[in-house]
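This briefing goes through one protein chain, topic by topic. Look at the sequence and the 3D view first, then read the points below.

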Amino acid sequence: MLDVALLPGEYAVCRLPAGSSLSPTLWGGLCDHDVVTVSWSVNGISLICPARRVPEQAVVETDWRCLRIVDPLDLVVTDTLAALVDPLARARVNVVAFSTYDTDHVLVPAVRLVEATAALERAGHRVHK
């Protein structure tokens, strides 16, 4: 069983052209609950961030909600992300998953949030809303 926190506000999944620079305003002044993740590849930059922080030049998919495992995870722990993704997949809820050094996160479509949290609770997880 995992403790999972529903982070406030909506999140966006973004794409920026390769070589784009990121403004410090993207991460400056983040709230305690905010998370921003950036991945670079030769094809471009992928960015997940609170919807209110989306860069102007980004291609954006919005209206995602972010669920985070509450307790910090040891890097050698296995199957934690699967414990979140599997019940969501069985409920046919789309996910975007990502990890930080400390924990795992999943984004679910805002319109499917009730179904997502119900699926996690049926799987035995505690969702803190």
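Helices and strands here are DSSP runs, numbered from the N terminus; a helix needs at least four residues and a strand at least two. By that rule, the chain follows the pattern β-β-β-β-β-α-β-β-α-β when read along the sequence. The model is a predicted one.

**Overall build**

- The chain has two helices and eight strands.
- A compact globule of 129 residues would have a radius of gyration near 14 Å, and the 15 Å of this chain agrees with that.
- Along the principal axes, the C-alpha atoms fill a box of roughly 40 × 35 × 30 Å.
- Of the contacts in the chain with a separation of 6 or more, 71% are between residues 24 or more positions apart.

**Surface and charge**

- Buried residues account for 39% of the 129 residues in the chain.
- The accessible surface of the chain is about 7300 Å², and carbon and sulfur atoms make up 53% of that surface.

**Cysteines**

- How many disulfides does the structure hold? The structure holds zero disulfides.
- Cys-14 is in no disulfide, and the nearest cysteine sulfur to Cys-14 belongs to Cys-49, 4.4 Å away.
- A disulfide is a covalent bond between the sulfur atoms of two cysteines.
- Cys-14 has a relative accessible area of 4%, so Cys-14 is buried.
- Cys-49 has 0% relative accessibility and therefore also counts as buried.

**Residues with a positive phi**

- Most residues other than glycine have a negative phi.
- Asp-63 is not a glycine, yet Asp-63 has a positive phi of about 70 degrees.
- Asp-63 is found in strand β5, which covers residues 59–69.
- With a relative accessible area of 41%, Asp-63 is partly exposed.
- Arg-92 is not a glycine either, and its phi is positive at about 60 degrees.
- Where is Arg-92 placed? Arg-92 sits in the loop between α1 and β6, the strand of residues 96–99.
- Arg-92 has 69% relative accessibility, so Arg-92 counts as exposed.

**Arg-90**

- Arg-90 lies in helix α1, which covers residues 80–90.
- Is Arg-90 buried or exposed? Arg-90 is exposed, with a relative accessible area of 64%.
- Arg-90 and Ala-119 are 29 residues apart along the chain, and their C-alpha atoms are separated by 8.2 Å.

**Pro-109**

- Pro-109 is found in strand β7, which covers residues 104–109.
- The relative accessible area of Pro-109 is 14%, and the cut-off for buried is under 20%, so Pro-109 is buried.
- Which residues does Pro-109 contact, leaving aside its neighbours within four places in sequence? Pro-109 is in contact with Asp-63, Trp-64, Val-93 and Asn-94.
- One of these partners, Asp-63, is the residue with a positive phi of about 70 degrees described above.
- Pro-109 and Leu-6 are 103 residues apart in sequence, while their C-alpha atoms are 13 Å apart in space.

Conventions: Residues are numbered from 1 along each chain as its sequence is written. This is a predicted model: local features need pLDDT of at least 70, side-chain atom pairs count only at pLDDT 80 or more; totals for chains, interfaces and linings use all residues. Side-chain values use heavy atoms; hydrogens and water are left out. The radius of gyration is taken over C-alpha atoms; the globule rule is 2.2 Å times the number of residues to the power 0.38. Buried means under 20% relative accessible area, exposed over 50%, partly exposed in between (1.4 Å probe, protein chains only). Contact means heavy atoms within 4.5 Å. Accessible areas come from the Shrake-Rupley method with a 1.4 Å probe; for residues, only the protein chains shown count as cover. A disulfide is a pair of cysteine sulfur atoms within 2.5 Å.
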